[in-house]
Amino acid sequence: MSTQDILGLSSQDPGRVISFPASQYLHASTASPVPGAISTGLPRLDQAISPVFSDEPSQSSNDATLRGIPCGHVTEVFGPPGAGKTALAMSITANALCDGGKVAWIDTTSPLPKLRLKSMLMQSLNTTKSSDTPQQLIDNLIYFRAQSLPHLLALLLHPPQGFPPENTKLLVVDSVSGPFPSYFLSPSELKSRLAQAKITDKSQVHWLMNRKWNVTSELANQLMKLAASRQLAVLLINQTHTKIKGLPRATLSPLLAGGAWENSMHTRIVLYRDFPAVDDEESELASRSVRYAEVLKRDGKALTVRSDESIVPFTIDSVSLRGTDTAQPSRAVPQQPVEETFRAGGRKRKVDEIADSQDEEGSDDDFGWVDGDDAGLVERPADDS
């Protein structure tokens, strides 16, 4: 595995990422099929991401391998700590490497578990009976360490020469939200700092309050352009926090959110764990090892109605992800209708009264995720279609 220093940004080529109108991108995406997909390692999850509709021609067994996270688009995976986000990203990485493509992995929080990735590659090679060795595949993995938010933005917004390399099939950012809390205060803390500094100029206050969301929007747009222009799959790992203020119950939400960010995501998957009440101690231990992957958005459209087909239970071992036949998590907690969310606020506010960070206004009341939180607490995004 080769490691590159992202500090050497002197030889930048700002024209490497092609910029073109959104209307042209939409026309191209609807006129031609998605250029391939990368399997997640869970056939049911691949089918939930890329379903076959009744009006489409029947697919052969070879065509089934085209299911998974789509190339040419951005896929977001978010969930609480320990839900299996990195394990899922490693499984997708192993499948991309076994397909003969290169993978660029950007790390912002914790190092990539290389030994575990080799074990996953060995398991995949045994299944496909390929003549390649795990080390040969590992050599196609380009690893970057972004130590801060400026490093990450410099690498993605102003990429150095040769990034991403030719024949790159997958770009993974683990985690894209990791560096943000260190550079941007919560809204309540920022308001307190502004009051202490006696900053009253409305334009300056408005810029400071929107600074995080401007950066987030630019980053999301750049990743979408990069995926479309290079025909590669971009996989973003997003952390979560629990919001309480302004909501009927504690709600698990992605750390990076907002209209511009969510509109840029072609596919969104949430991972979580559910602990149903069981009498048998052995069954209880088994249930605690099960995770759930739920597709919230596919083909650029949010799924406003939950279904069994979009919720996939799985377990994690040292070499792979394995689907299970565990019953779906409880849905006793009803989802709040989208319309009620907007009507609860009374009158409509003007554009200059609220930032794109509307959903994050109560982030000063965040709490960490604890065992026992119900899967029904997952906040479902509005339908962006």
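Two strands pair if DSSP finds at least two bridges between them. I took strands (E, at least two residues) and helices (H or I, at least four) as DSSP runs, numbered from the N terminus. The model is predicted, so I kept local features only at pLDDT of at least 70 and side-chain atom pairs only at pLDDT 80 or more, while totals for chains, interfaces and linings use all residues. Residues are numbered from 1 along each chain as its sequence is written, and side-chain values use heavy atoms, with hydrogens and water left out.

**Entry 1: strand β8**

Strand β7 (residues 168-174) pairs with β8 in the parallel sense over five bridges. There, L171 has V234 as its bridge partner. Strand β4 (residues 74-78) also runs parallel to β8, joined by five bridges, and V77 stands opposite I237.

I then checked burial (buried is under 20% relative accessible area, exposed over 50%, partly exposed in between; 1.4 Å probe, protein chains only).

**Entry 2: nonpolar cores**

I used sets of buried Ala, Val, Leu, Ile, Met, Phe, Trp, Tyr and Cys residues joined through side-chain atoms within 4.5 Å. The largest such core has 41 residues. I38, L45, W105, L117, L170, L235 and L271 have the most contacts inside it. Helix α3 (residues 85-98) gives the most to this core, with eight residues. Another core of 30 residues lies apart from it, and includes L153, L155, V215 and L256.

For single residues I listed contacts (heavy atoms within 4.5 Å), leaving out residues up to four places away in sequence. L45 touches T40, L88, A293, V295 and V312. L88 lies in helix α3 and is buried, with a relative accessible area of 2%. Its own list is T40, L45, V77, L271 and L321. L88 and L321 are 233 residues apart along the chain, yet I find their C-alpha atoms separated by 7.5 Å.

**Entry 3: D46**

Which side chain of opposite charge is nearest to D46? It is R67, 8.0 Å away. I counted Lys and Arg as positive and Asp and Glu as negative, without His and the chain ends. D46 is buried and has no salt bridge, which would need a side-chain nitrogen of Lys or Arg within 4 Å of a carboxyl oxygen of Asp or Glu. D46 is found in helix α2 (residues 43-49). Beyond four places in sequence, D46 touches S39, T40, G41, R67 and G68.

**Entry 4: aromatic pairs**

I counted rings of Phe, Tyr and Trp (its six-membered ring) as paired if their centres lie within 6.5 Å; planes under 30 degrees apart are stacked, over 60 edge-to-face and the rest tilted. The whole structure holds three aromatic pairs. F180 and F184 have ring centres 5.9 Å apart and planes at 20 degrees, so I logged the pair as stacked. F180 is buried at 1% relative accessibility, and F184 is buried at 12%.

Y272 and Y292 also form a stacked pair, 5.8 Å centre to centre with 20 degrees between the planes. This pair links distant parts of the chain: Y272 sits in strand β11 (residues 267-273) and Y292 in strand β12 (residues 291-298), 20 residues apart. I have Y272 as buried at 0% relative accessibility and Y292 as buried at 2%.
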